[in-house]
Amino acid sequence: MELDFERCYRAVDSRDQRFDGWFYTGVTSTGIYCRPSCPAITPKRSNVRFFPSAAAAQGAGLRACRRCRPDAAPGSPQWDVRADVVGRAMRLIADGVVDRDGVPGLAARLGYTQRHLHRMLRAELGAGPLALARAQRAQTARTLIETTGLGLAEVAFAAGFGSVRQFNDTVRQVYGTVPSQLRTGRGGPPTPGGAGTITLRLAYRPPLHAAALLGFLAARTLPGLEEVRDGTYRRGLRLPHGPAEIALTPTAGYVVATLRLADLRDLAPAVARCRRLFDLDADPEAVDQTLVADPALAGTVAAEPGVRVPRAVDGFEMALRAIVGQQVSLPAARTTLTRLLTHTSRPAARPRPAPDLGDQEVCVTESASRQREPLDHPAEAGGRGEAGEAGGDGGADGRGVWGFPGAEEVLGLPDAAFGMPAARRETIRALARAVAAGEVDLEPGGDRAETVRRLTALPGIGPWTAGYLAMRALGDPDVLLPTDLAVRRGAAALGLPATPTTLDTYADRWRPWRSYAAIRLWRAA
């Protein structure tokens with residue numbers, strides 16, 4: 001990745017926070033690397049190098065600045081936008097695929113050889129997949145050191161390191177100190193060890209319209225699985241090593257994330273999924289700058305800057321919600337999904353309780369009003385009518401649901417669990433079979449174009465469902481859904497063309513941010 005020196009240096013000289021995560025500033029005279037907004041004195045030009053990733057800076061022998069915490073910057077927004085192999089690889093690495101399956105597993109998921117994948121990542125980011133995963137492991141280790149009382153050997157393996165020696169060497173190289181000093185620097189006695197609650201801060205690039213984000217999610221909550229209450233979104237998750245609960249509270253500058261994990265090895269994927277759900281790596285100024293250029297959207301952008309696209313923590317869950325919502329009202333879809341959860345969810349073994357960490361909030365990957373959105377969508381199982389994705393007022397029912405059921409579990413359900421027409425039930429089963437067999441990849445690392453093609457090849461799934469999943473499950477920022485009834489109502493309310501064909505043509509001026517435009521049209525409706 002080519003970084004323009006003059007542009008990067010101007011961003012550093014002005015301490016522009018918008019560029020945090022886009023690149024990293026290496027200072028050769030001090031041997032450290034910083035985020036562009038570091039408050040330290042601007043280094044001389046002759047002493048500066050710019051790197052496209054923290055791993056590349058570490059590979060050059062630099063350590064992380066202890067003042068600006070570059071490892072705590074928001075992620076680069078380009079990994080949300082880009083649908084190429086490098087973008088997919090970065091999303092999978094953030095989700096911990098290399099830690100769980102190694103580089104061979106990552107390469108297999110992407111359909112490339114290990115050598116070619118390494119070559120592509122080196123060319124774009126200055127570091128291969130192992131180095132990129134190693135930088136993430138160091139960040140996870142620092143979180144565990146500073147927020148738990150686990151022994152350092154336990155931290156090493158929970159963070160994904162293969163040995164204590166590797167852990168010690170990496171922390172010393174990345175942070176310029178030994179692991180025990182990171183804990184000492186926090187002050188106060190360590191919290192007793194054990195899996196449990198970790199509270200941290202997830203930074204974002206301002207502005208963030210929290211009310212729009214929470215309102216969107218509140219209108220779609222399912223009892224027992226998730227809720228929005230007092231400005232906080234809570235839900236259960238199924239992570240690679242066990243169940244978890246998350247609570248996300250937007251505040252000025254960051255989102256407070258409280259994670260209750262059954263297995264601390266799931267910290268990195270939990271953080272990645274929280275960031276993805278709240279769209280925290282987006283660049284809202286770039287999005288709004290494009291949309292505000294349209295006079296029809298200028299007023300809503302000025303009134304509500306920083307509207308995000310709520311994404312998904314589970315692609316299969318999002319697909320099942322969309323299919324269930326075809327041709328039925330919101331209350332009916334909610335009832336159907338609640339019934340399905342009742343048949344699949346059994347109280348899971350909860351994580352061992354841990355002492356409350358209180359105010360021990362750490363800037364790690366650092367990074368309200370409840371408004372109901374119109375949720376009418378043209379159905380595709382049958383081609384006509386209106387559909388709404390399930391929603392509700394939230395609230396847990398105490399059943400202990402710790403995440404949505406997976407494809408294999410849904411395949412094992414009897415007909416009575418679905419409570420829907422036979423054709424729609426078979427659509428869900430066909431999707432579940434395809435996901436279980438690995439034929440459809442609904443996670444962020446999937447190939448967006450190929451996934452849409454395979455989805456629309458399934459019976460009962462048409463362009464709207466595939467596009468909705470591309471937007472929310474796959475994270476595509478450029479999906480409009482011109483046939484969506486609520487999108488068309490919103491367009492009409494703003495004086496825009498309201499027929500699918502004319503609206504689709506008009507929306508070309510919103511590229512590559514049509515997903516964000518669609519959220520604003522939903523709100524306008």
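1. The open sheet. In this predicted model, four strands form an open sheet in the order β3-β1-β2-β4, with mixed pairing. Two strands count as paired if DSSP finds at least two bridges between them. Helices (H or I, at least four residues) and strands (E, at least two) are DSSP runs, numbered from the N terminus. The edge strands are β3 (48-51) and β4 (63-64), each of which pairs on one side only. Strands of a sheet pair through backbone hydrogen bonds, either parallel or antiparallel.

2. Basis of the numbers. Residues are numbered from 1 along each chain as its sequence is written, and side-chain values use heavy atoms, with hydrogens and water left out. Because the model is predicted, local features need pLDDT of at least 70 and side-chain atom pairs count only at pLDDT 80 or more, whereas totals for chains, interfaces and linings use all residues.

3. The β2-β4 pairing. Strand β2 (residues 32-34) and β4 run parallel and are joined by two bridges. Y33 has A64 of β4 as its bridge partner.

4. Helix α1 on the sheet. Helix α1 (residues 5-13) lies across β1 (24-27) and β3, and runs at about 100 degrees to β3. For such angles, axes are lines fitted to C-alpha atoms, for helices over the stretch in contact, and the angle runs from 0 to 180 degrees between N-to-C directions.

5. T25 in β1. T25 sits in strand β1 and is buried, with a relative accessible area of 3%. Buried here means under 20% relative accessible area, exposed means over 50%, and partly exposed is in between (1.4 Å probe, protein chains only). Leaving out residues up to four places away in sequence, T25 touches V12, I32, Y33, C34, P36, V48, R49 and F50. A contact is counted when heavy atoms are within 4.5 Å.

6. A search of the whole structure finds 37 salt bridges. The criterion is a side-chain nitrogen of Lys or Arg within 4 Å of a carboxyl oxygen of Asp or Glu. Side chains of opposite charge can pair when their charged atoms come close. E6 is partly exposed at 36% relative accessible area, and R45 is partly exposed at 41%.

7. D447 and R88. The side chains of D447 and R88 meet in a salt bridge with an N to O distance of 4.0 Å. D447 is partly exposed at 31% relative accessibility, whereas R88 is buried at 7%.

8. E226 and R321. These residues form a salt bridge with their closest N and O atoms 2.3 Å apart. E226 is in strand β6 (residues 226-229) and R321 in helix α15 (residues 315-324), so the pair links distant parts of the chain, 95 residues apart. E226 and R321 are both buried.

9. D478, D504, D508, R511 and R514 are linked in a network of salt bridges. R514 is also among the buried residues of α23. That helix (residues 514-524) is mostly covered, with ten of its eleven residues buried. Besides R514, the buried residues are S515, Y516, A517, A518, I519, R520, L521, W522 and R523.

10. Cis peptide bonds. P206 and P207 are joined by a cis peptide bond, with omega about 0 degrees. P207 lies in the loop between β5 (197-203) and α11 (210-218). The peptide bond from R511 to P512 is also cis, with omega near 0 degrees. P512 lies in the loop between α22 (500-506) and α23. R511 belongs to the salt-bridge network of point 9.

11. Which values of phi do D279 and L481 have? D279, although not a glycine, has a positive phi of about 55 degrees. D279 is in the loop between α12 (267-277) and α13 (284-291) and is buried at 1% relative accessibility. L481, also not a glycine, has a positive phi of about 60 degrees. L481 lies in the loop between α20 (463-472) and α21 (485-493) and is buried, with a relative accessible area of 5%.
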